[in-house]
Amino acid sequence: MAQTKVAGEYRLTGIHDMAAGFTLTEQGTFEFFYVYGAVDRFAEGTYTVDGKTIKLKSSKEAGKDFSITKQSKVGKGYTIKVVAPNPMLAQYVKAIVFKGQEKSVEFVNKKGELHLNDGHIDRIYLQHELFPDIASEIKSEINNNNYFEVGLNPSLEKVSFKGVDFTFDNDTLTCLPNYFMPFENIRFVKH
């Protein structure tokens with residue numbers, strides 16, 4: 001019954017230069033599209049309704065946008081090299097670095113490379129700036145390597161929706177600002 005009430009097509013309203021929309025079916029599946037500047041994204045999966053809350057479960061596995069293609073222990077500091085068929089995409093990656101509880105954010109250069117002169121780093125996560133989603137861990141506390149070459153996975157274009165819940169009210173879906181839509185007043189209206 002709840003799926004029937006929310007089923008339909010929804011379009012984003014009020015965000016300048018962005019087009020996005022959902023199709024929610026009565027069978028509990030969804031499709032999503034997003035166009036913002038030169039970035040196109042999409043998702044598909046299932047959804048559940050709990051009161052006024054819509055929870056999306058995308059077919060994309062969160063935190064898997066980067067694959068480590070090579071890693072080793074070489075020299076001092078830490079080096080990350082992003083290798084991509086399109087070199088333009090390699091330069092839009094940020095590293096979220098943890099030393100204990102201390103967190104910093106660093107950015108690769110135009111060649112897709114980053115070198116950190118730090119003595120010891122516990123964890124490193126990567127996130128693409130044009131296709132943000134849940135960050136991908138490339139170095140854990142038990143990994144002693146300090147050189148990492150990573151590739152971009154095809155999943156980059158998809159959205160996982162992990163941690164992004166929607167509220168349904170009066171034929172409108174709303175959500176809080178999040179990692180891929182960092183805007184206030186996100187509203188998808190049923191058509």
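The legends below describe close-up views of a predicted model.

**View 1. An open sheet of four strands with mixed pairing, in the order β6-β13-β7-β10.**
The edge strands are β6, residues 66–72, and β10, and each of them pairs on one side only. Neighbouring strands of this sheet are turned against each other by 20° on average, with direction ignored. Strands β7 and β13 pair in the parallel sense, over five bridges. Within β13, Glu149 is the residue opposite Lys81.

**View 2. The antiparallel pairing of strand β7 (residues 78–83) with β10.**
Four bridges hold this antiparallel pairing of β7 and β10. Leu114 in β10 is the bridge partner of Ile80. In a regular strand the side chains alternate between the two faces of the sheet. Strand β10 spans residues 113–116 and has a covered face, made by Leu114 and Leu116. The uncovered face of β10 carries Glu113 and His115.

**View 3. A second open sheet, with four strands in the order β9-β8-β11-β12.**
The pairing in this sheet is antiparallel. Its edge strands are β9 (102–107) and β12 (136–139), each of which pairs on one side only. From one strand to the next, the twist averages 30°.

**View 4. Strand β8 (residues 93–99) and its partners β9 and β11.**
Strand β8 runs antiparallel to β9, and six bridges join the two. In β9, Glu102 is the residue opposite Lys99. The hairpin of β8 and β9 has two residues between the strands, and Gly100 takes a positive phi near 65° there. Six bridges also join β8 to β11, again with the strands running antiparallel. Here Lys94 stands opposite Gln127 in β11. Strand β8 is mostly covered, as five of its seven residues are buried.

**View 5. The edge-to-face pair of Phe32 and Phe161.**
A pair of aromatic rings is described by the distance of the centres and the angle of the planes. A search of the whole structure finds 17 aromatic pairs. In the pair of Phe32 and Phe161, the ring centres are 5.1 Å apart and the planes stand at 85°, so the arrangement is edge-to-face. Phe32 belongs to strand β3 (residues 29–36), while Phe161 lies in the loop between β13 (147–152) and β14 (165–169); the pair therefore ties together parts that are 129 residues apart in sequence. Both Phe32 and Phe161 are buried.

**View 6. The edge-to-face pair of Phe166 and Phe188.**
The two rings lie 6.0 Å apart, centre to centre, with 75° between their planes. Because Phe166 is in strand β14 and Phe188 in strand β16 (residues 186–190), the pair ties together parts that are 22 residues apart in sequence. Phe166 has a relative accessibility of 1% and so counts as buried. Phe188 is likewise buried, with a relative accessible area of 0%.

**View 7. A cluster of aromatic residues linked by ring pairs.**
The cluster includes Phe32 and Phe161 as well as Phe166 and Phe188. Also among its members are Phe22, Phe30, Tyr34 and Tyr36. Tyr179, Phe180 and Phe183 belong to the cluster too.

**View 8. A charged group over an aromatic ring, at Arg123 and Phe98.**
The charged end of Arg123 sits over the ring of Phe98. Its distance from the centre of that ring is 4.4 Å.

**View 9. The largest cavity, with a volume of about 30 Å³.**
Rolling a probe the size of a water molecule over the atoms shows where empty space is left. The structure holds one cavity of 30 Å³ or more. Among the residues that line the largest cavity are Asp65, Phe66, Phe131, Asp133, Ile134, Ala135, Ser136 and Leu156. Leu126, Gln127 and His128 also line the largest cavity. Strand β11 (residues 123–128) gives the largest share of this lining, three residues.

**View 10. Glu26, in the loop between β2 (18–24) and β3.**
Glu26 has a relative accessibility of 49% and so counts as partly exposed. The C-alpha atoms of Glu26 and Lys5 are separated by 8.3 Å, although these residues are 21 residues apart along the chain.

Notes. Residues are numbered from 1 along each chain as its sequence is written. This is a predicted model: local features need pLDDT of at least 70, side-chain atom pairs count only at pLDDT 80 or more; totals for chains, interfaces and linings use all residues. Side-chain values use heavy atoms; hydrogens and water are left out. Buried means under 20% relative accessible area, exposed over 50%, partly exposed in between (1.4 Å probe, protein chains only). Two strands pair if DSSP finds at least two bridges between them. Rings of Phe, Tyr and Trp (its six-membered ring) pair if their centres lie within 6.5 Å; planes under 30 degrees apart count as stacked, over 60 as edge-to-face and the rest as tilted. A charge sits over a ring if NZ of Lys or CZ of Arg is within 6 Å of the ring centre and within 35 degrees of the ring normal. Axes are lines fitted to C-alpha atoms, for helices over the stretch in contact, and angles run from 0 to 180 degrees between N-to-C directions. On a 1 Å grid over the protein atoms alone, a cavity is a set of points where a 1.4 Å probe fits but cannot get out, and a pocket is an open set with protein on both sides within 12 Å along at least five of seven lines; lining residues have an atom within 4 Å of a point. Grid points are joined across faces, edges and corners, and a volume is the space filled by probe spheres set on the points.
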